[in-house]
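Take the sequence and the structure side by side.

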2 protein chains.
Amino acid sequence: MDKVFVAGCGMTRFGKREEPLSELVFEAAKMAQEDSGMEDFDAVYAGSMNPEELTDDGNISTVFTDRLGMQKPSLRIETASSTGAGVFHCAFFAVASGFYKNVMVVGGEKMTHIPTPKTTQIMARVISPIERVYGATMPSLAALVTRRYMHEFGLDRETLGLVAVKNHHNGSFNEYAHFQKEISLKKVLESRMVSDPLRLYDCAPISDGACACVLTSNKKDVRVSGLGHATDTLSLLHRDSLTGFSATQEAAKKAYSMAKIGPLDVDLAEVHDAFTSFEIIDCEDLGFFKKGEGGKALKGGITALEGDLPINPSGGLKARGHPVGASGLAQIVEIYWHLKKMAKKRQVDMAKIGLSQSIGGFANNNLVTILEAC
Amino acid sequence: MDKVFVAGCGMTRFGKREEPLSELVFEAAKMAQEDSGMEDFDAVYAGSMNPEELTDDGNISTVFTDRLGMQKPSLRIETASSTGAGVFHCAFFAVASGFYKNVMVVGGEKMTHIPTPKTTQIMARVISPIERVYGATMPSLAALVTRRYMHEFGLDRETLGLVAVKNHHNGSFNEYAHFQKEISLKKVLESRMVSDPLRLYDCAPISDGACACVLTSNKKDVRVSGLGHATDTLSLLHRDSLTGFSATQEAAKKAYSMAKIGPLDVDLAEVHDAFTSFEIIDCEDLGFFKKGEGGKALKGGITALEGDLPINPSGGLKARGHPVGASGLAQIVEIYWHLKKMAKKRQVDMAKIGLSQSIGGFANNNLVTILEAC
């Protein structure tokens, strides 16, 4: 089961794209195919969160195989905003079972052509109806969590803003990022309020983009060594804690156990920073820092590109962008590039073990994936 | 890889249901859980085609785990109208890989509360945009295929109607069927025209319903012995033939090869009769009868409940109903019941090997599943 390798990866530039979704997926898949050096695939596993409403596409897995010119078995997998990781895990099982040898995994979403209020409405579908009925949106629930975290652990507004500053800095080295420019802390703190205390620059943008990844049972340089997946209650109000996500904690535990490592063995990580506070919470849920100490680690430079444990070297969802069906896979692609020493200006030295963590819905369908150079 | 068993199954009555989708899924899952005698599951695999638009539910796999009270890893799988089979295949891989021992597979859709023109519009999303733009709908494309088949193979209108008569007869013995009453050939031929030559009684109804199935690596009475999956071009106009579906032919070939059997070894089959002509085409694609001879076999009673090869003992999509995310799994559940001798009044005697075949979109994402009593 533990002999599944990544043979190649691809990604489009994230941001505002004019091409149709299937064209973006084609671009990413072609890059992954060329990177893998392989010509033929047994199946196409496709991740997309809501192509029906966003791009008027049904039957999306066949839409993709059609554009790819690969009439291969194909399914679509969806786990809300962690879809890109969900499809990777499903494809892993198909290869690990021995049923398929080589699988092309793709994930993509096209969102920027829709007016933001409409997108927000579509995305709010992932929220529990008993919370949605009161007007809850993703940012408003995230604001609630952030405020509670600030209260419990004394995190100040400035430190929160440093997540965005760090991730935009990293994104400035990433040719695939939605935002490839630095921002100042002042700019974050002066950006317009979205949901108090979260401001515009605390939130990942709405983006278009696609990713691809070839999984194979043939030995390659990068092995998939750990997988973990867990759900949580749909409603936030049914949870014991607001300041940590148990679905991440549980998924991490499983992934570490499978990979036979602990959090201290991880050389770099891509985490789900849909909101700045989430990066701090994610790092604690993953066991990188003690509860309440994520902000201090950030301030101390530990999570910087040159720090002991670089977090979101790609720029994260915050700067690379967040096409919901692609993000989870984009994180995995970023880890792969570092392990293969292909990350160019943002290369993390001596990277041997990388982890990615994706949040689905309001942190109730989370996945952790660990890759190892071998 | 070939040691995956079905431990239990469940199904709601299909038809017009008042309960929310998650409630239907709960009902089916509870029945499957009780049938399996198992208490705990490692994951929940969920199939639903378009809950976002049909029932305003996003993040559906977490919605289901929440209602089931199982905070387990959960993903949603979708392959248009073959979704129920797609999710079964994905769950198979997860068990076959050794990653999970016991997986609860669910599939459901709620559709009847939406006005039919709106549902037709939502379902038409699965059609290629280059055909959709001319107003193509599922029934209109099916009518084109049917007319061509009648022309090429001399199938007459009356024989086509006999598919509906047979399947309603079978459905009259099925307490879970949407339509549990017989219909006459006259009634079929006099029903209103939907798309010439297809009349209302040639088309599967819009239904609500859910199914569930427990897959396990522990030895049980029913083994999953064959799986096959194939896609085809999105557009009908890009295909060589209108009178056969290559995605079914290819999926069947793979499934037979895996199960080490041929079509003559199959004791009963559930096939995707979304339209009466599809049942005839499906049977030929599966190799049960020579090309063009499916109508003759039907007229000769071979596919009747008491015939040599009963087709759609459940009543098929035509009479059991067609909640799109459930149908593919409902077919598998029906086969399981026959192999376990639990099919009551419609029990097929001496059933040892059963096959189910599902069509996704306009026959471009098709799956074949073979179960064996052991």
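Which side chain meets that of D40(A) in a salt bridge? The partner is K72(A), at 3.6 Å from N to O. The model is a predicted one. D40(A) sits in the loop between α1 (21–36) and β2 (43–47) of chain A. K72(A) sits in the loop between α3 and β3 of chain A. The pair therefore ties together parts that are 32 residues apart in sequence. Neither end is buried: D40(A) is partly exposed at 49% relative accessibility, and K72(A) is partly exposed at 23%.

Other salt bridges have a buried end. R17(A) and E19(A) meet through their side chains at 2.7 Å, N to O. R17(A) counts as buried because its relative accessibility is 8%, under the 20% cut-off. E19(A), with a relative accessible area of 26%, is partly exposed. In chain B, K291(B) forms a salt bridge with E284(B), and their closest N and O atoms are 3.0 Å apart. Here the acidic residue E284(B) is the buried one, at 8%. K291(B) is partly exposed, at 39% relative accessibility. Over all chains, a search of the whole structure finds 46 salt bridges.

Now turn to how the chains are related.

How many residues of chain A are in contact with chain B? There are 51, and they touch 51 residues of chain B. Of the interface residues of chain A, 100% are also interface residues in chain B, so the copies meet through the same surface. The area buried between the chains is about 4100 Å². Carbon and sulfur atoms give 55% of that area. In chain A, N59(A), F93(A) and F99(A) lose the most area to chain B. Together they account for 16% of what that side buries.

Polar and charged pairs also cross the interface. Between chain A and chain B there are 24 residue pairs in polar contact and six salt bridges. One salt bridge joins the side chains of R76(A) and E78(B) at 3.0 Å, N to O. Several elements of chain A each supply at least two residues to the side that touches chain B, among them α2 (51–55), β3 (74–78), α4 (83–96) and α10 (246–259). α3(A) gives the most, with six residues. A network of salt bridges also links E53(A), R125(A) and R132(A) with D56(B).

Next, look at helix α5 (residues 116–123) of chain B. Which of its residues are buried? They are T119(B), I122(B) and M123(B). These residues cover an arc of only 95 degrees around the axis, which puts them on the same side of α5(B). On the other side, P117(B) and Q121(B) are exposed. The cover over the buried residues includes α2 (51–55) and α7 (138–153) of chain B.

Finish at a buried acidic residue, E270(A). It lies in strand β9 (residues 268–270) of chain A. Its relative accessibility is 0%, so E270(A) counts as buried. Beyond its neighbours within four places in sequence, E270(A) is in contact with residues including N312(A), R320(A), Q331(A), E334(A), L355(A) and Q357(A).

Notes. Residues numbered from 1 in each chain as written. Chains lettered and ligands numbered in written order. Predicted model: local features only at pLDDT ≥ 70, side-chain atom pairs only at ≥ 80, totals over all residues. Heavy atoms only, no water. Helix = DSSP H or I, 4+ residues; strand = E, 2+ residues; numbered from the N terminus. Buried < 20%, exposed > 50% of the residue type's maximum accessible area, 1.4 Å probe, protein only. Contact = heavy atoms within 4.5 Å. Arc of directions from axis to C-beta. Buried area = accessible area lost by both parts, 1.4 Å probe. Salt bridge = Lys/Arg side-chain N within 4 Å of Asp/Glu carboxyl O. Polar contact = N/O pair within 3.5 Å; in protein donor to acceptor, adjacent residues only side chain to side chain.
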